[in-house]
Amino acid sequence: MLVEVKRHWRDIEVLDDGLRVRVQPGLTIAQVNAWLAPYGRRLGPDPSSSTACTIGGLVANNSSGKSCGTEFNAYHTLQSLKVVLPSGTVFDSAAPDADRALRAAEPDLHEGLLRLRRRILDNPASVRTIRHQFSMKNTLGYGLNAFLDYEQPAEILAHLMVGSEGTLGFVAGAVFHTVPVLPGTATGLLLFPDMRAACDSLEPLRDSEATCLELEAGHRTMARRMLRRLRDWTDDGRLPVVVDASSCTHGFADLAKGLDSEEDRAAFAPIRFVDAVAFAYAELLPHLDVTRRVSRVALHPTCSMHHLGLVDTLREVAAAFADTVDVPQDWRCCAYAGDRGLLHPELTASATHREAAEVTANNYDDHLSSNRTCEIGLTQATGHPYRSVLTALEEATRADRAAPHDTGH
Ligand SMILES: Cc1cc2nc3c(=O)[nH]c(=O)nc-3n(C[C@H](O)[C@H](O)[C@H](O)COP(=O)(O)OP(=O)(O)OC[C@H]3O[C@@H](n4cnc5c(N)ncnc54)[C@H](O)[C@@H]3O)c2cc1C
């Protein structure tokens, strides 16, 4: 069941001159921060998805961000939480008698939480593990540190909800402590010759009291790491790497450019990347019988297919089961740019409006492409569901739809 809370669960109350804020789960972090801005305050967690991330998602996903660290995350800035439990019990940890109310309404849950707490406390190894894991940035899974930080089941439950991914209950409201918006900020980018030199600099940089230090492995390091794995997976290049998203095929094809030594480049040379559409064209089509043809399809060739020189191949695969394959005159990059289009749909709307006009002026049996995010972008732009040309090929070449093992899914 999918519950959409962004429309009606949007009440907000700024408390104590912005030092705290009471929020409902449908507000996004950016919306809450806009309310807090006049007070010079904001929420502690700062995921880069703040314009889309709701309070419910923030708590249940333990969304954090670059500068919230281990101190200003959801767990530590949460003052109280209102939760609807699977039984229907509504529990608010802010109520003065919250723990008594929880025990009265949910005695088994209350006792179970106390029992789990005792089990952890009685086992020094568990205590050490939990303390260690939560001394670092640790955003995966339940906030198990709640068993060590709180004694009352009401508080334990409220903090266990952080990272619960929707499993323990529905987050219906929260009160957060806020953090100050700093009057001035600066960002620096430091380049190091290798990982060791970068790590050696961490300590002095940490002592500079920077809010956030991020270590990013460069393209060259990642390319080398990937190269080693690819050599293993492909049996030193004997097997091709078939890639099922054209933008990734394109990315892999460029991987070698990140290598700076002759030795690395020679090690990379035997590895072959084959786009799944080209693989289907060369290896599958000759052995397939088309059992269901369609009349006319619209095809969006992604920009990576264009760069890979595979637009004609893509068209040929579609033409194997469609009488007419239309590539719009005005097709171009859909500007979805990985997942950017999720946050900025206006980019895709702008880049595709001519192509969308051409597509919507005609009737098509199917709308096809070769990269999932581009398909999502074109679906949004045209209102017609785009899908992979390979999915359509598979359907068009099924031997017998009514075969006993075939459930139609
Ligand atoms: C482009 C992009 C950038 C991102 N950057 C970051 C980042 O910098 N740092 C970071 O930590 N994360 C980041 N994320 C992940 C992001 O934090 C999560 O996508 C965000 O938490 C999702 O919030 P949402 O409101 O969309 O929740 P959804 O995706 O809708 O849900 C996330 C989970 O929370 C549960 N849930 C949602 N609402 C409730 C509720 N009211 N009660 C109970 N459970 C609920 C859902 O069941 C699901 O398990 C990023 C994601 C994207 C797409």
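Predicted model: local features only at pLDDT ≥ 70, side-chain atom pairs only at ≥ 80, totals over all residues.
How do the residues of the lining of the largest cavity divide into nonpolar, polar and charged?

View 1. The space within the largest cavity amounts to about 160 Å³. Its lining is formed by 19 residues, of which Asn62, Asn73, Tyr75, Phe134 and Asn138 are the closest to the cavity centre. By class, the lining of the largest cavity comprises 11 polar residues, 7 nonpolar residues and 1 charged residue.

**View 2. Packing of helix α14 with helix α20.** Helix α14 spans residues 276–284, and helix α20 spans residues 389–396. The two axes come within 10 Å and cross at roughly 30 degrees. Because angles under 35 degrees count as roughly parallel, α14 and α20 are therefore described as roughly parallel to each other. On the α14 side, the contact is made by Ala276, Val277 and Ala280, while α20 contributes Val389, Leu390 and Leu393. The residues of this contact between α14 and α20 divide into 6 nonpolar, no polar and no charged.

**View 3. Contact of domain 2 with domain 3.** The domain assignment of the protein chain gives domain 1 as residues 12–180, domain 2 as 219–277 and domain 3 as 279–396. Between domain 2 and domain 3, the C-alpha centres lie 26 Å apart. In this view, 12 residues of domain 2 are in contact with 16 residues of domain 3.

Methods:
Residues numbered from 1 in each chain as written. Heavy atoms only, no water. 1 Å grid on protein atoms, 1.4 Å probe; cavity = no way out; pocket = protein on both sides within 12 Å on 5 of 7 lines; lining within 4 Å. Points joined across faces, edges and corners; volume = space filled by probe spheres on them. Nonpolar A, V, L, I, M, F, W, Y, C, P; charged D, E, K, R; others polar. Axes fitted to C-alpha atoms, helices over the stretch in contact; angles between N-to-C directions. Helix = DSSP H or I, 4+ residues; strand = E, 2+ residues; numbered from the N terminus. Parallel < 35°, antiparallel > 145°, perpendicular 65-115°, else oblique. Contact = heavy atoms within 4.5 Å. Domains from an automatic or database assignment.
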